[in-house]
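Hi,

Here is the structure I promised to pass on to you. Please have it open while you read my notes below.

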Amino acid sequence: MRAMILAAACLLAACGPSTESSDDVPDPSERALPYGVVLGLGNNWTLTADPDLLAVSFSVDDGAVEASGVWTPPQTMQSGYRLMADEITLDLVETNCTMDGVPYPMRATVSYGGQAYPGCAAMRWDHQLIALMPQIDACIARSPQTRWVTYAGRQADGNMLVRLSGGDASDCTVAPGNSPEVISFGPRSETLVVATEHAALFVRGPGENPGGLCYDAPEVRGADDALLGWMMDPMGC
């Protein structure tokens, strides 16, 4: 699939010196950035870091500045994570970051060409796709003809939100766990916005490859190699 780019910005909060003792500070070696595509975004820039493609792409002002580099595993820092891709450096801090009413879980700073570009970042929602299959299936059971997933992820209250399309667009709230209970199911709320929705599009099997004449959609398989569904390209053909 082609790399997917989003755009947004956030306000950065100034932080004073820490009052925690050294014993209270988490050991960086105990944290690891989850494996998945990272989308970074600011008021005039976008970044996509894709470990599957081993590529990082950075663009400023709709292509006025464009750069790319080879993806490398993020380094764990005391304050967060650092990903270096040739001349591009991406620093991530796990803290709330909001732009235009959209919450993001990480603050991002891209360093390139001697300049720093502040913004927000999020792991693309499908990095936890396999783990969320029980929640996805519980929601699809409420509307079997609606099998296209535009987002699935944990919300602030600890429950999971699954957004479905392909039939009637629906929002489904599900409890976590392997035997999830559907808490609510209804029409999509246009007032609720979540980071990285539509950046990945999953079609739950069974059925034929939904790519059609355009392309073959990549398969998604579980640990037992059973076909779970397909990843569509949100950008289309």
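What follows is a short tour of the backbone and of one group of strands.

This is a predicted model, in which local features need pLDDT of at least 70, side-chain atom pairs count only at pLDDT 80 or more, and totals for chains, interfaces and linings use all residues. Residues are numbered from 1 along each chain as its sequence is written, and side-chain values use heavy atoms, with hydrogens and water left out.

Let me begin with the strands (E, DSSP runs of at least two residues, numbered from the N terminus). Strand E1 (residues 38-41) pairs with E2 in the antiparallel sense over four bridges; pairing here requires that DSSP finds at least two bridges between two strands. Three residues separate E1 and E2 in their hairpin, and Leu41 has Thr46 of E2 as its bridge partner. On to E3: six bridges join this strand to E2, again antiparallel, and Leu47 stands opposite Phe58 in E3.

Two other loops are worth a look. Asp225, between E15 and strand E16 (227-232), also has a positive phi, near 70 degrees. Gly205 and Pro206 are joined by a cis peptide bond, with omega about 10 degrees; Pro206 belongs to the loop between strand E14 (201-204) and strand E15 (219-221).

Best wishes
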